Amino acid sequence: MVGVSEAALILASRQPDAQLIALFLAATAGNVLGAIVNFVLGRFLLRFENSRWFPVSPLNRKRAEALFGRYGRPILLFSWLPIVGDPLTLVAGLLRTPFTVFLIYVTIGKAARYAVLLWAWDTFAA
């Protein structure tokens, strides 16, 4: 479901005793861990692609492969986007992207999303 982590982060940040740095780190870490699951699926478990539980459809995988082929590894900065984000992280594993490179790009992208979200909400909703 798109937007659940964002809504939870905003709600938690509005609490009187909220520690924004801790919330930011928890949201980022949780999202990065989810991306790592997709990376591992791409690297080792692609044979289960047609299973009902598999998180990426074949069509979305093909779209992600096209984006990855066109823009290279830096496209992982956009792994936070709905619809294409999960397939991008899966394709990174499929294409044997070095894990350290994957982790750097994905962490920067996902952290930037939550940082901007917290900043924007604090700036414009206050």
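The areas come from the Shrake-Rupley method with a 1.4 Å probe, and for residues only the protein chains shown count as cover. Val116 sits in helix H5.

## What kind of model this is

This is a predicted model, in which local features need pLDDT of at least 70 and side-chain atom pairs count only at pLDDT 80 or more, while totals for chains, interfaces and linings use all residues. Residues are numbered from 1 along each chain as its sequence is written, and side-chain values use heavy atoms, with hydrogens and water left out.

The mean pLDDT (the predictor's confidence in each residue, from 0 to 100) of the protein chain is 88, and 97% of its residues reach 70 or more. Confidence is lowest in helix H1 (residues 4-13), with a mean of 85, and highest in H2, at 93.

## Overall build

The protein chain has five helices and zero strands, giving the pattern α-α-α-α-α along the sequence. Helices (H or I, at least four residues) and strands (E, at least two) are DSSP runs, numbered from the N terminus. The C-alpha atoms fill a box of roughly 50 × 30 × 20 Å along the principal axes.

Of the 126 residues, 33% count as buried; buried means under 20% relative accessible area, exposed over 50%, and partly exposed in between (1.4 Å probe, protein chains only). The chain exposes about 7,600 Å², with carbon and sulfur atoms supplying 67% of it. Among contacts (heavy atoms within 4.5 Å) with a separation of 6 or more, residues 24 or more positions apart account for 69%.

## Two nonpolar cores

In soluble globular proteins, nonpolar side chains tend to be buried together. A nonpolar core here is a set of buried Ala, Val, Leu, Ile, Met, Phe, Trp, Tyr and Cys residues joined through side-chain atoms within 4.5 Å. The largest one has twelve residues, including Val32, Phe39, Ala64, Phe68, Leu88 and Phe102. Helices H2 (20-44), H3 (58-71), H4 (85-94) and H5 (99-124) each supply at least two residues of this core.

A second, separate core of six residues includes Phe24, Ala27, Tyr114 and Leu118. Back in the largest core, which includes Ala64, that alanine touches Pro87, Leu88 and Val91, not counting residues up to four places away in sequence.

## Salt bridges

Side chains of opposite charge can pair when their charged atoms come close. A salt bridge is a side-chain nitrogen of Lys or Arg within 4 Å of a carboxyl oxygen of Asp or Glu, and by this rule there are three. One of them joins Glu6 and Arg113 (2.8 Å, N to O). This pair links distant parts of the chain, with Glu6 in helix H1 and Arg113 in helix H5, 107 residues apart. Arg113 counts as buried because its relative accessibility is 14%.

Glu49 forms another salt bridge with Arg61, the closest N and O atoms being 2.8 Å apart. Glu49 lies in the loop between H2 and H3 and Arg61 in helix H3, so the pair ties together parts that are twelve residues apart in sequence. Arg61 also meets Glu65 in a salt bridge (3.0 Å, N to O); both lie in helix H3, four residues apart, about one turn of the helix. Glu49 is buried at 14% relative accessible area, Arg61 is buried at 18%, and Glu65 is partly exposed at 26%.

The loop between H3 and H4 holds Ser79 and Ile83. Ser79 is buried, as its relative accessible area is 2%, whereas Ile83 is exposed at 62%. Leaving out residues up to four places away in sequence, Ser79 touches Gly85, Asp86, Leu88, Thr89, Val106 and Lys110. Most residues other than glycine have a negative phi. Ile83 has a positive phi, near 75°, and Arg96 has one near 60°; Arg96 is in the loop between H4 and H5.

Asn31, in helix H2, is in contact with Ser5, Lys110, Arg113 and Tyr114, leaving aside neighbours within four places in sequence.
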